[in-house]
Amino acid sequence: MPGAVVCAVCPVSAVLPAPHSDPRTAAQGDAGAPGSGEQRAGAEGGMSQGPGAQPSPPSVYHERQRLELCAIHALNNVLQQQLFSQEAADEICKRLAPDSRLNPHRSLLGTGNYDVNVIMAALQGLGLAAVWWDRRRPLSQLALPQVLGLILNLPSPVSLGLLTLPLRRRHWVALRQVDGVYYNLDSKLRAPQALGDEDGVRAFLEASLAQGLCQVLLVVTKEVEDMGCWLRTD
């Protein structure tokens, strides 16, 4: 189409470091916390398959909720590797507000609850960008092949053990495509939730945005951000 912007899709492996490449930013201690940690859902490989065998399901990286660290879990889940920890996020908070006695970008209790500025700074440190999706646009204009993943900010019920309290707090959730299938990688889920193809993830986004309090961040390369080709113009 005349005037349309054409982007080459940059693979995530081209812009991200290898898993655990920097021990200072690898998440520590989450795996041992009760009801939390990270896991690889699906087969990791192993024995070769004989003729007629069913293909192994994809391996999907999924961190589970610990304290108020949903922003860290969402970052690691959308990047599909363990790159950020609470310590790394706290360092970002200090850089964002070096002169503040009470840092405005995290919980006063030191349990996490990081805001969007921490997420955006973390992605920028990897050469990526976070683009706000204008909820007034039709989702048909979202160029999903140009997007590495999505991070949603949703209202979420507050639980105390097995008791669900009549309160709602903001919660960060990652969506990511793995081997052609989009997954909901909410850290409060026991396992990744398959959403299907592009139609499936658009339906999930539409239902989430219909709640009225949902915000969507598109995780893209700097090239895609600069060219604006996360938005379809045809």
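How many aromatic pairs does the structure hold? The structure holds one. In this predicted model, the rings of Trp133 and Trp230 have centres 6.2 Å apart and planes at 75 degrees, over the 60 degrees needed for edge-to-face, so the pair is edge-to-face. Trp133 sits in the loop between strand 3 and strand 4 (149-160), and Trp230 in the segment after helix 5 (222-227), so the pair ties together parts 97 residues apart in sequence. A pair of aromatic rings is described by the distance of the centres and the angle of the planes.

**Overall fold**

The protein chain has five helices and eight strands. From the N terminus, the order is β-β-α-α-α-β-β-β-β-β-α-β-α. The chain has 234 residues, and 46% of them count as buried. Take the contacts between residues at least 6 apart in sequence: 62% of these join residues at least 24 apart. The accessible surface is about 12500 Å², with 55% belonging to carbon and sulfur atoms.

The largest nonpolar core has 35 residues. Those with the most contacts inside it are Leu79, Phe84, Tyr114, Ile119, Leu123, Ile151 and Trp172. Elements giving two or more residues to this core are helix 1 (70-79), helix 2 (86-96), helix 3 (116-124), strand 3 (128-132), strand 5 (163-178) and strand 8 (215-221). Another core lies apart from it and has 26 residues, including Leu152, Leu205, Leu209 and Trp230.

Strand 3 has five residues, and four are buried, so the strand is largely enclosed by the rest of the structure. Strand 3 and strand 8 run antiparallel and are joined by five bridges.

Which residues touch Leu217, leaving aside its neighbours within four places in sequence? Leu217 is in contact with Val116, Ile119, Ala130, Val131, Trp132, Gly149, Leu150, Ile151 and Trp172. Ile151 is 66 residues away along the chain, yet its C-alpha atom is separated from that of Leu217 by 5.1 Å.

**Accessibility**

Is Leu217 buried or exposed? Leu217 counts as buried, because its relative accessibility of 1% is under the 20% cut-off.

| Residue | Relative accessibility | State |
|---|---|---|
| Leu217 | 1% | buried |
| Trp133 | 6% | buried |
| Trp230 | 12% | buried |

Technical notes:
Residues numbered from 1 in each chain as written. Predicted model: local features only at pLDDT ≥ 70, side-chain atom pairs only at ≥ 80, totals over all residues. Heavy atoms only, no water. Buried < 20%, exposed > 50% of the residue type's maximum accessible area, 1.4 Å probe, protein only. Contact = heavy atoms within 4.5 Å. Areas by Shrake-Rupley, 256 points an atom, 1.4 Å probe, with all protein chains shown as cover. Core = buried A, V, L, I, M, F, W, Y, C linked by side-chain atoms within 4.5 Å. Pairing = 2+ DSSP bridges. Phe/Tyr/Trp six-rings, centres within 6.5 Å; stacked < 30°, edge-to-face > 60°.
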